[in-house]
Amino acid sequence: MFVFTLFVLFIFFILYKLLLIVPMREVNVIERLGKFRAVLQPGFHFLIPFFDRVAYKHEIREQVLDVPPQSCISKDNTQLEVDGLVYLKVMDGKLASYGIENYRLAAVNLAQTTMRSEIGKLNLSQTFSERDSLNESIVREIDKASDSWGIKVLRYEIKNITPSRHVIHTLEKQMEAERSKRAEITLANAEKAAMINLSEGERQEAINVSEGQKQKRINEAKGTAYEISIVAKAKAEGMEMLSTALAVNGGHDAMNMQLKEQFIGQLGKILEEADVSVVPAEMAKLEGFFEGMEQVTHAVSASSAKTNTVKGVRS
């Protein structure tokens, strides 16, 4: 029974060494008597026991490797701490097995050195604004060196770029100063715009006032001219009518009568409004005439009264 059990175990061991199932996510590198024989793709395979063995197993899916943080110096002598992720895939199982001892470790170290070199070519501000170009440069440099390793570097992503505390403090001061500068510029521009708008308003107001005054003077001038033309036209018509009236019999007498009436009326107004009596020389003569006539009248009246008295006595 013991011998039978050993025989069965030996048969299972032979079958285990004879049959090989490679998973879908792997490739296996087979060596025969210590020499490379083949790279077995996913599926079912037969091996020669004690002659063939699985020397290496490689993951053929895309792999993500974490690049540890490292200290870098930028072009402007700023100390940075940078970490990232590298994405790669095994393309050739034979080269990945015999081209390098550990392609994962080699890819991570190469990513670190390349990243340090690329960071040294950029200023601090460029490391933040040009991440895409930095990632592309690192992938391109790693991919050149990894051709003989049987792997393909698909992409590289920077996770964090962390300046030192002193640099962060300096950047905060710089950003605060920049914000203050932008605020002052904004206020200055606002004041400038306000002054410009105010001056434009005053200028437009002055223009409007001058235009209004100009239009007012034009309207007044037109009104005065129209008034003068109407008065002149009326005077011309009046003179024409007057000349026509004078040509009629008795026209001159009527005109003299009209002038006398106007003279007397205007003289009465002057005498009423003036504090000192102003009498023309002609009026003075006329007044003496009337006084003489009044004396004659009184004399005539007295003579008549005397005559009547004598007649009465005689009677």
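Me: Leaving aside its neighbours within four places in sequence, which residues is I119 in contact with?

Reply: Bear in mind that this is a predicted model. Here I119 touches C72, I73, S74, K75, L80, V82, T127 and L134, once neighbours within four places in sequence are set aside.

Me: Which residues have the most contacts inside the largest nonpolar core?

Reply: The general idea first: in soluble globular proteins, nonpolar side chains tend to be buried together. In this structure the largest nonpolar core has 31 residues, and V82, Y103, M115, I119 and Y156 have the most contacts inside it. At least two residues of this core come from each of β6 (63–73), β7 (79–90), α3, α5 (131–145) and β8 (151–163). Helix α3 gives the largest share, eight residues. Apart from this core lies another one, of six residues, including L20, V22, L40 and L47.

Me: OK, so how do I read a helix? Which residues of α3 are buried?

Reply: An α-helix has 3.6 residues a turn, so residues three or four places apart point the same way. In α3, the buried ones are Y103, A106, A107, V108, L110, A111, Q112, T114, M115, E118 and I119.

Me: What span should helix α3 have, and how far apart are its end C-alpha atoms?

Reply: Helix α3 covers residues 103–119, and its 17 residues at 1.5 Å a residue should span 24 Å; the end C-alpha atoms are 24 Å apart, so the two agree. Look at the start of α3 as well: there a side-chain oxygen of N102 comes to within 3.2 Å of the backbone nitrogen of R104.

Me: Now the rings. How many aromatic pairs does the structure hold?

Reply: Three. One of them is F36 with Y98, an edge-to-face pair at 5.9 Å centre to centre with 80° between the planes. Since F36 sits in strand β3 (residues 35–40) and Y98 in helix α2 (residues 93–98), this pair ties together parts that are 62 residues apart in sequence. For F44 and F46, the ring centres are 5.0 Å apart and the planes stand at 85°, so that pair is edge-to-face. There's a cluster too: F36, Y56 and Y98 form one aromatic cluster.

Me: Is F46 buried or exposed?

Reply: Exposed, because its relative accessibility is 55% and the cut-off for exposed is over 50%. F44, at 48%, counts as partly exposed. F36 is partly exposed at 27%, and Y98 is partly exposed at 38%.

Me: And which ring does the charged end of R155 sit over?

Reply: That would be the ring of Y87, with the charged end of R155 lying 4.1 Å from the ring centre.

Note on methods:
Residues are numbered from 1 along each chain as its sequence is written. This is a predicted model: local features need pLDDT of at least 70, side-chain atom pairs count only at pLDDT 80 or more; totals for chains, interfaces and linings use all residues. Side-chain values use heavy atoms; hydrogens and water are left out. Helices (H or I, at least four residues) and strands (E, at least two) are DSSP runs, numbered from the N terminus. The expected span of a helix is 1.5 Å times one less than its number of residues. Buried means under 20% relative accessible area, exposed over 50%, partly exposed in between (1.4 Å probe, protein chains only). A polar contact is a pair of N or O atoms within 3.5 Å; within protein, one must be able to donate a hydrogen and the other to accept it, and residues adjacent in sequence count only if both atoms are side-chain atoms. Rings of Phe, Tyr and Trp (its six-membered ring) pair if their centres lie within 6.5 Å; planes under 30 degrees apart count as stacked, over 60 as edge-to-face and the rest as tilted. A charge sits over a ring if NZ of Lys or CZ of Arg is within 6 Å of the ring centre and within 35 degrees of the ring normal. A nonpolar core is a set of buried Ala, Val, Leu, Ile, Met, Phe, Trp, Tyr and Cys residues joined through side-chain atoms within 4.5 Å. Contact means heavy atoms within 4.5 Å.
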